[in-house]
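Here is a friendly walk through one model, from its ligands to its core and a few backbone details. Please have the sequence and the 3D view open as you read.

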Amino acid sequence: MLVDTYGRVATDLRVSLTDRCNLRCTYCMPEEGLQWLAKPDLLTDDEIVRLIRLATTELGVTEIRFTGGEPLLRPGLTGIVERCAALDPRPRLSLTTNGIGLARTAPALRAAGLDRVNVSLDTLRPEVFRRLTRRDRHQDVLRGLEAARAAGLTPVKINTVLMPGANDDEAPELLSWAITEGYELRFIEQMPLDAQHGWRREGMITADDVLRSLRTRFTLTPEEEGRGSAPAERWIVDGGPHRVGVIASVTRPFCGACDRTRLTADGQIRNCLFAREETDLRAALRSGAPDGEIAETWRAAMWGKKAGSGLDDPSFLQPDRPMSAIGG
Ligand code: SAM
Ligand code: SF4
């Protein structure tokens, strides 16, 4: 298993399939994009599937989440999903996407064995979407969401980041819409992972701000069962059955219950989103290392995981790679 010195066990693997993206969300990427990874540096489909097989058969991983960058931009995605769904034991398979292209791909992804999706959507207003993502693709995301629901990639969860002066007044409207449409909404606090280093703690919308705003229209009661290793704290809306989640990575960190391990598109293991070190599995793969040796390297990478993200420490340093390159 992937255990660390604090006794945490990583069972949830986030796999970044590409660092590229077709949006430019202001809290993630600069307008001009980034220096993308060169093709030979990316893991091949075979290399990705080999590492996922190793993780599920040798290292106790039970959940695989594909992410990026924008994972729907990876040409081999459906094939990767299909091969992972054939593994024994079969991991649960999900995808975090901005939803662009999902209208076309949702049925094939479902048929390949994808269990569910998280779609990122910050606003119901097309002009705010354009401002936040610097692209005019709001309709595509809404269509993608509908297709995911129709294809049975459920529960469809929506990830929303609120940004001051842009969409911070939209929380109640988004929740009311999500309930009507049958999507599960989760607000994510903005984290210092943007390539431009523009994050300021004073400027961010906190979980408390979100809850205060939602309570102007809804009655929220904390869910009885704790959040376990799930990052979202959940509230029952107006007595149920609907729920809303808040992922307060900054103001209420959940590092003590973290069960994540991360693989970047260029084959580096990160034991934390905020880690400043990575462990190179690509070099091991390409030098012909046997499974046992790669598994051992992965175990050692997780063993060294720090107790917390260090976000609250005055000496906190943002990781060198932004969210889009790590895999959010
Ligand atoms: N492109 C896909 C998407 O947007 O869903 C997958 C990758 S994206 C990096 C994954 C998630 O990270 C999205 O829900 C996005 O909103 C979130 N995210 C990106 N930058 C963030 C930041 N600085 N703070 C908090 N969440 C962020
Ligand atoms: Fe792209 Fe996702 Fe980053 Fe937005 S949050 S720029 S959609 S990777």
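Which side chain has an N or O atom 2.5 Å from an oxygen atom of ligand 1? That side chain belongs to Ser-120. Before going further, please note that this is a predicted model, in which local features need pLDDT of at least 70, side-chain atom pairs count only at pLDDT 80 or more, and totals for chains, interfaces and linings use all residues. Residues are numbered from 1 along each chain as its sequence is written, chains are lettered from A and ligands numbered from 1 in the order in which they are written, and side-chain values use heavy atoms, with hydrogens and water left out.

**The two ligands**

| Residue | Atom of the residue | Atom of ligand 1 | Distance |
|---|---|---|---|
| Gly-69 | backbone N or O | nitrogen | 3.0 Å |
| Ser-120 | side-chain N or O | oxygen | 2.5 Å |
| Asn-159 | polar side-chain atom | oxygen | 3.3 Å |

On its own, ligand 1 has 540 Å² of accessible area, and the protein covers 95% of that (Shrake-Rupley method with a 1.4 Å probe; for residues, only the protein chains shown count as cover). There are 18 residues around ligand 1, and those that come nearest are Tyr-27, Gly-69, Glu-70, Ser-120 and Met-191 (a residue is near a molecule if one of its heavy atoms lies within 4 Å of it). By type, the shell holds six nonpolar, 10 polar and two charged residues (Ala, Val, Leu, Ile, Met, Phe, Trp, Tyr, Cys and Pro count as nonpolar, Asp, Glu, Lys and Arg as charged, and the others, Gly among them, as polar). Strand 5 (92-97) and strand 7 (157-161) each give this shell at least two residues (helices, H or I with at least four residues, and strands, E with at least two, are DSSP runs numbered from the N terminus).

Gly-69 turns up again around ligand 2, together with Cys-21, Leu-23, Cys-25, Cys-28 and Asn-98. Here the shell divides into four nonpolar and two polar residues, with no charged ones.

**The core**

What is the size of the largest nonpolar core, and which residues have the most contacts inside it? That core has 101 residues, with Phe-66 and Trp-298 having the most contacts (a nonpolar core is a set of buried Ala, Val, Leu, Ile, Met, Phe, Trp, Tyr and Cys residues joined through side-chain atoms within 4.5 Å). Helix 1 (residues 45-58) contributes the largest share, six residues. Beyond neighbours within four places in sequence, the residues in contact with Trp-298 include Leu-2, Leu-13, Leu-51 and Ala-55 (contact means heavy atoms within 4.5 Å).

Not counting residues up to four places away in sequence, Arg-282 touches Asp-41, Leu-43, Asp-266 and Gly-267.

Asp-169 sits in the loop between strand 7 and helix 6 (171-181) and is partly exposed, at 48% relative accessible area. Its side chain makes a polar contact of 3.3 Å with that of Arg-125 (a pair of N or O atoms within 3.5 Å; within protein, one must be able to donate a hydrogen and the other to accept it, and residues adjacent in sequence count only if both atoms are side-chain atoms).

**Backbone details**

Cis peptide bonds join Asp-88 to Pro-89, with omega about 5°, and Thr-154 to Pro-155, with omega near -5°. Arg-134 is not a glycine, yet has a positive phi of about 60°; His-197, also not a glycine, has a positive phi of about 55°.

Key: Buried < 20%, exposed > 50% of the residue type's maximum accessible area, 1.4 Å probe, protein only.
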